[in-house]
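Look over the fold below.

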Amino acid sequence: MVWGSVPYHAILENVMPPLKWVLMHDNDPKQTSRLTKNWLMQYRIEVLEWSTPSSTLNPIRNLWTNLKAAVYNANPKTQQQLCEIAQAA
């Protein structure tokens, strides 16, 4: 059994009211486990089919990439300069 599958089911069972739900998973092991897939099929919960998220579509990863590039290019010498670069990025 994949760690986290049972707590994931408990969350779904306790949070989801009896409505038509469509879930979008990010391919986390607890979401792709056989136990989870069987549970979703049993309760007829639709899951959107999509590929593993691309790093180019991840806004946080893009933010960190841009921030690192700005700091690297500016080569700050003091903490104050670093803060100014980070705020401007």
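A crossing is left-handed if the near helix is turned anticlockwise from the far one by less than a right angle, and right-handed if clockwise. Helices here are DSSP runs (H or I, at least four residues), as are strands (E, at least two), numbered from the N terminus. This is a predicted model: local features need pLDDT of at least 70, side-chain atom pairs count only at pLDDT 80 or more, and totals for chains, interfaces and linings use all residues. Residues are numbered from 1 along each chain as its sequence is written, and side-chain values use heavy atoms, with hydrogens and water left out.

Take H4 (residues 59-74) and H5 (residues 79-88). They pack at an angle of about 135°, with axes 9 Å apart. Axes are lines fitted to C-alpha atoms, for helices over the stretch in contact, and angles run from 0 to 180 degrees between N-to-C directions. H4 is therefore oblique to H5 (under 35 degrees is roughly parallel, over 145 roughly antiparallel, 65 to 115 roughly perpendicular, the rest oblique). The crossing of H4 and H5 is right-handed. H4 brings Leu-67, Ala-70, Val-71 and Ala-74 to the contact, and H5 brings Leu-82, Ile-85 and Ala-86. Contact means heavy atoms within 4.5 Å.

Now the whole chain. The protein has five helices and two strands, in the order α-β-α-α-β-α-α.

Finally, His-25. This residue sits in the loop between strand S1 (22-23) and helix H2 (29-32). His-25 is buried, at 8% relative accessible area (buried is under 20%, exposed over 50%, partly exposed in between; 1.4 Å probe, protein chains only). Beyond its neighbours within four places in sequence, His-25 contacts Tyr-8, Gln-31, Leu-40, Val-47 and Trp-50.
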